[in-house]
Amino acid sequence: MIYFLPLIAAVTGWITNWIAVKMLFHPVKPIKFGLFTIQGVFPKRQKAMAERLGQIVATELFSIDDIVDKMKSADNAEVLKFVDSKLDDFINVKLGASMPMLSMFLNDDLKIKIKTALLNEIGEAIPGIIDTYASKLKSEVNIEKIVYDKVVNFSSDKMEEVLYSIMKKEFKFIEVLGGILGFFIGLIQLLLVIYS
């Protein structure tokens, strides 16, 4: 029976680590055992985790300034192409429908001149529009609070699902490592018993 010590220790180590991984998420609600209260680590610390994650995302990973920089460095050709098609529709269709008298005086050459002037004006205005919108975003969008609200409102099942999808291999490694360490500890105990 003593020769089963490494196997028993391996199973004990694996089960202990499996329970430890499960206890990261369960129990969701606190359970009292006399003087002790047991609750899963993530459900217990969800608010603190959400707060810290919000701070990290807002300061280290993502900011409104990043978006503004990308918008400013982006090529405005696509925007101007979109505006060009809208101006075509406006000058050739809507202007004629809303002001038929004016459209009688607009020949193709004049329409092209008006459209070109408007496109140039809009092209020059785009950086100012971006700056204005960026200021509005900075004052109204709080990335830290958005992340906090999202994480704090995750259900425990959702939190478990997200973390398992990210760390499934690591959790499995912890369980297997418990079995391996248990086996070697059991083996050492066996050797100590045999040679003492």
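**The crossing of α2 and α8**

Modeller: The axes of helix α2 (residues 41-61) and helix α8 (residues 156-194) come within 11 Å and cross at roughly 85 degrees, where axes are lines fitted to C-alpha atoms over the stretch in contact and angles run from 0 to 180 degrees between N-to-C directions. The two helices, α2 and α8, are therefore roughly perpendicular to each other, a label that covers angles of 65 to 115 degrees. This is a predicted model, in which local features need pLDDT of at least 70 and side-chain atom pairs count only at pLDDT 80 or more, while totals for chains, interfaces and linings use all residues. Residues are numbered from 1 along each chain as its sequence is written, and side-chain values use heavy atoms, with hydrogens and water left out.

From α2, Phe42, Pro43, Gln46 and Met49 meet Ser156, Met159 and Leu163 of α8, contact being heavy atoms within 4.5 Å. The residues of this contact divide into five nonpolar, two polar and no charged.

Leu24, in the loop between α1 (5-22) and β1 (31-33), has, beyond its neighbours within four places in sequence, contacts with Gly40, Val41, Phe42, Pro43 and Phe171. Leu24 and Gly40 are 16 residues apart in sequence, yet their C-alpha atoms are 4.8 Å apart in space.

Glu160, placed in helix α8, is buried but has no salt bridge, and the nearest side chain of opposite charge, Lys22, is 4.6 Å away. Here buried means under 20% relative accessible area with a 1.4 Å probe and protein chains only, and a salt bridge is a side-chain nitrogen of Lys or Arg within 4 Å of a carboxyl oxygen of Asp or Glu.

Methods:
Helices (H or I, at least four residues) and strands (E, at least two) are DSSP runs, numbered from the N terminus. Angles under 35 degrees count as roughly parallel, over 145 as roughly antiparallel, 65 to 115 as roughly perpendicular and the rest as oblique. Ala, Val, Leu, Ile, Met, Phe, Trp, Tyr, Cys and Pro count as nonpolar, Asp, Glu, Lys and Arg as charged, and the others, Gly among them, as polar. Buried means under 20% relative accessible area, exposed over 50%, partly exposed in between (1.4 Å probe, protein chains only). Lys and Arg count as positive and Asp and Glu as negative; His and the chain ends are not counted.
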